[in-house]
Amino acid sequence: MSWFERVRRIWPLARWPILIGIGLAVGFVVPYTLVLDHRVKTRVTEIDFTQPTRVYARPQLLAAGVPMDKATLKLELGMAGYTEAASIPRVPGTWSAKGDTFVIASRGYMDPAGGELPRRVRVKLGPATIQSVFDLTANKPLHKTHLDPARIATLYGAEQEERIILPLSEMPPLLVQGVQAVEDRDFKDNHGIDLSSIVRAALADLRAGHAVQGGSTITQQLVRNLFLDRSRSFVRKFNEVLLSILMDAHFSKGQILDAYCNEVFLGQQGNQAVHGFAAASWYYFGRPLQTLRPQEIALLVGMVRGPSYYDPRRNPERALARRNVALAAFHTTGLLNDAQWQAARSAPLDVTPNPQLVVDRFPAFMEVVREQIARDFSEQQLRSGGLSVYTTLDPAAQVYAEQSLDEGLKGLGKRGDKLEGAVVVVEPSTGSVLAMVGGRESDLHGFNRAYDARRPVGSSLKPFYYLMALTNPSRWNVASLLDDAPISLKLPNGKSWTPHNDDHQSHGEVPMVEALAQSYNLASVHLGLQLGVDRVAAFLRSFGLEGVHANPSLLLGAVDVSPFQLAQLYEFFADDGHALPLLTLRGVLDGRGHVLKQYAVQPGKGEYQQAERLVRWMMQQVTEYGTAAAIGDSKLADLHAAGKTGTSDHQRDSWFSGFTGDRLAVAWMGRDDNKPTHLWGATGALKVWMKLFEKLPSTPLTTSFGDGIQYAWIDPSTGQGTLPQCDGARQYPFIDGYAPQVQNHCYLQRLEHIFSSDGSGKPAAQTAAGSQSLH
């Protein structure tokens, strides 16, 4: 019987099952396949849009003359994810130190200012600054270089996925080929599935009675990551096979491998899942993927099988064994020669101790960053646009500010238990906010006292209306006598306002500089009343200060201001008469490295500069012998800092605002319930400021004035010009042409000195003292 006749005999019995099968195929499988086909084409092309936005600190400048010490440089390196090398650092992201000399293998970076290439540099530190920088790569001195900036925050989308998209062409060839050697050696020849592996896995599943073994190609693994859950069932396996065939039909092998290397799951930190080899490289090694060595690439490839099971931080022995399996596959397929294989096998894991995955390190600072950047970018762009946001934050300044507030509060003992505090640190020359601490629990989200708390600033406002007076040099100067007599004013509501000095004493007539240095309230009120409270209020408003009411109590700081706002005000004095707006942002790059926006301010011509320099000099007297004399009496005296203490009514708030040649900091202490702290500015906030600058490298503030200022000898008791040899004479600065004329020639004093001298022109007592000193 022929084959055709056999078919004719069985056709009446088989036709219905065959037709039903065809019907099912046409009616279900084909539409189902078309639906899956659409999903495949859409999902793979969307991978580029799932990257989070990463937020970075500013790069640390390394150049001769930059203030720096060993502790701060080590801190900056640690915050940027650098690891200390056991010997000479050759791998990017490592460093070593011997004495005052550091050798750093930088990683290079790209930012809105351009960025830098990786290089090995030698940095030699002097007593308080960087002495020299030498490029070991090019073997020549360097004018300057930068460390790549530390990552300080990540803005995730709903998926909470950490990912860095990297084209296949930019990945190390060893990684690209190594993945195939370990996971799918027939990747280039199969059509999305490997039938022999599937049959082998199916037989194992049948013997066990349930799914126990996989037979997955790279394409199948990508399908699982993109479309399927982790269940083991025949239905899921059917979907996996069908989707893999469709994916292989629509995309090239290069496209599939590119998507796989950027999508593969490689770890978890809290709610954040780490996807792709590029992100995993930073997560485990703190370095770009392109810088990894063979043993490090092998570890990442080996972990694909089970990132949690082979986690090198939690299970180093398992991870080491799995890495060596991957290395053996590299060796077997010819990717590594014998020497490379042996060297890689003998190397340690070398993962960083802590995951280099930052969600939100500094919440107070990041609150301001989010507010400023939200004006220019949508929430969707920030959470899934793969942007890189570059900020002004200085990691060392931030850490030191947090430590200083913590130490300041603890140093108060039980008095500090219910106190809160805040610190803002600024670079005056650029208006860049370097650090911000919003409370004693600086690492927690919550009320940001540095930015949102408005508190009375007390005497912190005095320098501004002293400045207002000095802009009229024909009427006022630093030696002008101010009346420190008691005063009582009747207010429009019928009540009396009777201010007093903190020591409850009046001091008669005192020079303006003395009134500010000792923060005499009565003398300041008399000055403010002569200037006019309305004019003082208008002058303060011209600095952008809101909520200023023309009440006499304004003269003693009865206006609510945040530490951030007070730093903005003091920026005027710290930057030589330039009221630059404070910035927390430097720029934003898109996912391809293109600059989307840069943030900077161009200072104009300074205002009231001669008067401002006189106020700055008076604030230097505050720290030398006035209410902040603790600075002048300490090892910080060489900074010649200028500043002003502030204490609000009933000692509810303690303030200190001070600046050096390159840093401005405002510190505040108080209670959230607004009860008295029993602290003055000098006994609370000043201590925090001092602890900060004991750690933070800084440039001394100049004691010179430049053009337009002259010195003259003054009798402080009269405010008149005198001769240097007269008793009590002091040298004060004045605007050119407005120094008081010499009125006191102290003739009687000079005659007394002549008659009491031993013929040398000096008093006998001085001569005797001088002769004793010779012995």
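Q: Helices are DSSP runs of H or I with at least four residues, numbered from the N terminus; in this predicted model, which residue just after H8 takes a positive phi?
A: Helix H8 covers residues 277-285. Just after this helix, a positive phi of about 65° is taken by Gly 286.

Q: How many of the nine residues of H8 are buried?
A: The buried residues of H8 include Phe 277, Ala 278, Tyr 283 and Phe 285, and the buried residues pack against elements among which are strand E11 (161-163), helix H3 (173-183) and helix H9 (294-303). The helix is described as mostly covered, and of its nine residues the number buried is eight.

Q: Is Thr 392 buried or exposed?
A: Thr 392 lies in the loop between strand E14 (388-391) and helix H14 (395-410). Buried means under 20% relative accessible area. Because its relative accessibility is 1%, Thr 392 counts as buried.

Q: Which residue has the backbone oxygen that the side chain of Thr 392 reaches?
A: Beyond four places away in sequence, Thr 392 touches residues including Arg 58, Phe 365, Ser 432, Leu 583 and Arg 586. At 3.3 Å, its side chain reaches the backbone oxygen of Leu 583.

Q: How does H15 lie relative to H17, oblique or roughly parallel?
A: Helix H15 (residues 462-470) and helix H17 (residues 521-531) pack with axes 10 Å apart, at an angle of about 45°. Angles under 35 degrees would count as roughly parallel, and the angle found here therefore makes H15, relative to H17, oblique.

Q: How many nonpolar residues are in the contact of H15 with H17?
A: H15 passes H17 in a left-handed crossing. Contributors to the contact include Tyr 465, Tyr 466 and Ala 469 of H15 and Leu 527 and Leu 531 of H17. Beside three polar and one charged residues, the number of nonpolar residues is five.

Conventions
Residues numbered from 1 in each chain as written. Predicted model: local features only at pLDDT ≥ 70, side-chain atom pairs only at ≥ 80, totals over all residues. Heavy atoms only, no water. Helix = DSSP H or I, 4+ residues; strand = E, 2+ residues; numbered from the N terminus. Buried < 20%, exposed > 50% of the residue type's maximum accessible area, 1.4 Å probe, protein only. Polar contact = N/O pair within 3.5 Å; in protein donor to acceptor, adjacent residues only side chain to side chain. Contact = heavy atoms within 4.5 Å. Axes fitted to C-alpha atoms, helices over the stretch in contact; angles between N-to-C directions. Parallel < 35°, antiparallel > 145°, perpendicular 65-115°, else oblique. Left-handed = near helix turned anticlockwise from the far one by under 90°. Nonpolar A, V, L, I, M, F, W, Y, C, P; charged D, E, K, R; others polar.
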